[in-house]
Amino acid sequence: MTLQTIGSLFLTGLVLGAGPCLLSCGPLLVSYIAATKEGPGRALKTYGVFSLTRIAVYALFGVAAGFFGESVFQRFSETLLPKVLYVVFG
């Protein structure tokens, strides 16, 4: 992967990260920050911690799903099932 591709994927993630999840979590986070009466710098830090924690959980679930999927495909690699799944979901 080139640096340009990685940068493009990173920017795509930033743009798509401001979608439905932010809209559903945003009011809760804004209410929390308003209730604690933190300044703008502290509020930005709180949002950063929240976002990094969310990203870490998504990454952990993604890695777990990848390992699970790999083990399932290895278990059934000698059968016709993986070939059919590749064609159907490919």
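Colour the chain by pLDDT, the predictor's confidence in each residue, from 0 to 100: the lowest mean in the chain, 74, belongs to α2, and the highest, 83, to α3. Across the chain the average pLDDT is 78, and 89% of the residues score at least 70. The model is predicted: local features need pLDDT of at least 70 and side-chain atom pairs count only at pLDDT 80 or more, while totals for chains, interfaces and linings use all residues. Residues are numbered from 1 along each chain as its sequence is written, and side-chain values use heavy atoms, with hydrogens and water left out.

Next, display the cartoon. Four helices and zero strands are present, in the order α-α-α-α along the sequence. Helices (H or I, at least four residues) and strands (E, at least two) are DSSP runs, numbered from the N terminus.

Select α3, residues 40-75. This helix has 36 residues and reaches 52 Å from its first C-alpha to its last, close to the 52 Å expected at 1.5 Å a residue; the expected span is 1.5 Å times one less than the number of residues. Within α3, A43, T46, S51 and R54 are buried. Buried means under 20% relative accessible area, exposed over 50%, and partly exposed in between (1.4 Å probe, protein chains only).

V57, Y58, L60 and F61 make a nonpolar surface patch of about 440 Å². Patch residues have over 30% relative accessible area and no salt bridge; nonpolar side chains (Val, Leu, Ile, Met, Phe, Trp, Tyr) are joined within 5 Å, like charges within 9 Å. A salt bridge is a side-chain nitrogen of Lys or Arg within 4 Å of a carboxyl oxygen of Asp or Glu.

Move to C25 in helix α2, residues 20-36. C25 is partly exposed, with a relative accessible area of 22%. From C25 to F50, the C-alpha to C-alpha distance is 9.8 Å, across 25 residues in sequence.

Finally, select the whole chain: of its 90 residues, 10% count as buried.

Methods: Areas by Shrake-Rupley, 256 points an atom, 1.4 Å probe, with all protein chains shown as cover.
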